[in-house]
Amino acid sequence: MADEKTPIVQVKHLKQYFNIGKPNEVKAVDDVTFDIYPGETFGLVGESGSGKSTTGRSIIRLYNPTSGQILFKGQDISKLKNRSPKMKQFRRDMQMIFQDPYASLNPRMKVKDIIAEGLDIHGLVKNDDEREKRIKELLGMVHLNPEHMTRYPYEFSGGQRQRIGIARALAVDPQFIIADEPISALDVSIQAQVVNLLQDIQKQQGLTYMFIAHDLSMVKYISDRIAVMYHGKIVELADADEIYSHPLHAYTQSLLSAIPVPDPEVEKTRKRIDFDHSKHFTDNQTLQEVLPGHFLYCDDATAAKFKN
Amino acid sequence: MEQTPQIPKEKFKMIHEDDNQEQEKIGTPSLTYLQDVRRRLLSNKVATVCMVLLSIIVLISVFAPIVAPHNPNEQKVEYANLPPKIGEANIPGFNGMQKRGGKVVNAYKEVGAPKGTTYLLGTDYLGRDLLSRIIYGTRLSLIVAILATLVDLIIGLPYGIISGWKGGRTDIVLQRIIEIISSIPNLIVVILMMIILKPGLASIVIAIALTDWVTMARLIRAQTFQLKEQEYILAARTLGESSTKIATKHLIPNLSSTIIIQTMFTIPNAIFFEAFLSFIGIGIPAPNASLGTLLSDGQKAFRFLPYQMWAPAIVLSIIMIATNLLGDGLRDAFDPQSSD
């Protein structure tokens, strides 16, 4: 869809290792490459521990990447110094929505101070009146009652808290938002509320999302393109519909076969496809474009087969 | 069989979007943080009583020179070991009567004190007024307690936060220093101090300053380790908040319960440490009084003149219990989530 545009985020050979050189070294993200285009929602799925959250946190520089490049609007942000002016600008342009609405809001701060944290850091408001006005505006944006700004987080439900978290991220006018499993801790009825809110805001403000999740049906609903992660690597990347209709990688097929269907007849006959790690991974594999816009982690021979 | 109630259609009504606003209303009144803290603290009766008791004790010791009925160090050997007496009232235990030589006599008359001489809590073996000595002794003990608390907060708190926040090599170095300090017993530090300084308030305070913050630093470090992985801290970092601001805005408020509890342990510990040193004779030098020296003196005469130990022991107990209970109350009061 967006192939001709220039990507807003380009991740090139990103590696994020922990405890380097020690016996417990972890290769959380191992040579990952992908692009995200302006205005799209990029879904990142994978099982627990596959490195999807770590990828998100490396991109937003909560971690210092071990190697590789992260280009944001053409500029390499993987090596920005922590207190440089460029870093400060970057902290405004890219924001994050967190997974656990019960842990992502400081329990000792009032809602208005939580939301205004970004405003205060970047000096976006001149005085208290303006600050108050902006907070009310942001609360309105996420459909919360502006009277709630003097409350503490514990007085809110999970969905309301998550919306406060969204308002906090929106306060600094970001262009790119990483949503790190923003709905996995919520009740199903509230999930739809939050996802729809995210989509509305995306339309209003022309935002780009990277949506990290493990709920496949929700990812399909919200994403334009989807990358499937496994063991720190992206094994398949394609348009959302393409991934669901033509999964090429055995792991993707296995994942899709695990989605339950709310229909007893189908459920009776649904077969899970097992995935055997040792059969599908060899050393000479890379992520390559096998069909237009469809990337697969495979060796050259397999890729050649698809291209013909 | 499931039964569905028959409700006529006209009883249903379309809800309007405005009604959602109603649903999201929260019932309790909104207050500022400090108002909240005060309300919660005052609604806790035990804590309120303890706060009043402690305030009275603090006020009395601050205004000791005005409040104390006698000079605490003035000796009148002829009035030695007089029992408590409150005016001319005949309250058992406070009427100046004392067993002497197998007979109960008016001790004040025996020593030939002029009429109207009263010592509310009696006198000690040198004829010094016990009440005045307790007031001055409490004052000294409280000074030790406050200094110990300050050291906890000024050294222990930042030390723990830095160690926990930075982690890695900084943490390893800082923790080894703590281990070295905590491996030296307090008593040895005090005794070493006395080689350089004279025994007295200064050497006790320095000994406390050198060693007492270690526990606070350790607790804070452990908590900081937990807190720094919390998502609201990560959110602050993605917004570009500086480390110092994160410490003051996010860490310290969330560490407050640990800080308060630890402080409430430090205060009685410091008082007790001073009392212990004075008790074994290497604390506050004579003739100055502290709760410890008073207990030590009282203990020597406890079998015959029990009042000389009861009074300081009761004051010490009240201070300790009150600080502990007030600490509990403060911890709850500072937590917005605690039920009230």
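**Entry 1: polar contacts across the interface**

I began with the meeting of the two chains, and I counted 12 residue pairs in polar contact between chain A and chain B, both partners at pLDDT 80 or more. A reminder to myself: this is a predicted model.

**Entry 2: contact and buried area**

Together the two chains bury about 3100 Å², and 50% of that is on carbon and sulfur atoms. On the chain A side, Leu62(A), Arg108(A) and Glu117(A) lose the most area to chain B, and together they make up 22% of what that side buries.

**Entry 3: salt bridges**

How many salt bridges cross the interface of chain A and chain B? I found 1. I noted its partners: the side chain of Arg108(A) meets that of Asp335(B), with 3.8 Å from N to O. Arg108(A) had already come up in my notes, as one of the residues that lose the most area to chain B.

I widened the search to the whole structure, and it returned 19 salt bridges over all chains. One that I followed up is the pair Arg92(A) and Asp173(A), whose closest N and O atoms are 4.0 Å apart. I wanted to know what this pair ties together. Arg92(A) sits in helix H2 (residues 85-93) of chain A and Asp173(A) in the loop between H6 and strand S7 (176-180) of chain A, so the bridge links parts that are 81 residues apart in sequence.

**Entry 4: a sheet in chain A**

Time for some strands. I traced an open sheet of 4 strands in chain A, in the order S2-S1-S4-S5, with antiparallel pairing. Its edge strands are S2 (26-36) and S5, each of which pairs on one side only.

I walked through the sheet pair by pair:

- S1(A) and S2(A) run antiparallel and are joined by 7 bridges; Leu14(A) stands opposite Val32(A) in S2(A).
- S1 (residues 9-18) and S4 (residues 67-72) of chain A pair in the antiparallel sense over 5 bridges; here Gln10(A) stands opposite Leu71(A) in S4(A).
- S4(A) and S5 (residues 75-76) of chain A, also antiparallel, are joined by 2 bridges; Phe72(A) stands opposite Gln75(A) in S5(A).

**Entry 5: what the record lists**

Last, I turned to UniProt. Its unreviewed entry lists residues 9-256 of chain A as "domain: ABC transporter". I checked that span in the model: it is 38% helix and 25% strand, and its end C-alpha atoms lie 27 Å apart.

For chain B, UniProt (unreviewed entry) lists "transmembrane region" at residues 46-68, 140-165, 259-284 and 304-326. I looked into two of these. Residues 46-68 are 91% helix and 0% strand, with the end C-alpha atoms 29 Å apart. Residues 259-284 of chain B are 81% helix and 0% strand, and their end C-alpha atoms are 29 Å apart.

Definitions and conventions
Residues are numbered from 1 along each chain as its sequence is written. Chains are lettered from A and ligands numbered from 1 in the order in which they are written. This is a predicted model: local features need pLDDT of at least 70, side-chain atom pairs count only at pLDDT 80 or more; totals for chains, interfaces and linings use all residues. Side-chain values use heavy atoms; hydrogens and water are left out. UniProt positions are given in the numbering used here, feature names are shortened, and annotations may be inferred rather than shown by experiment. Buried area is the accessible area (1.4 Å probe) that two parts lose on being put together, summed over both. A polar contact is a pair of N or O atoms within 3.5 Å; within protein, one must be able to donate a hydrogen and the other to accept it, and residues adjacent in sequence count only if both atoms are side-chain atoms. Two strands pair if DSSP finds at least two bridges between them.
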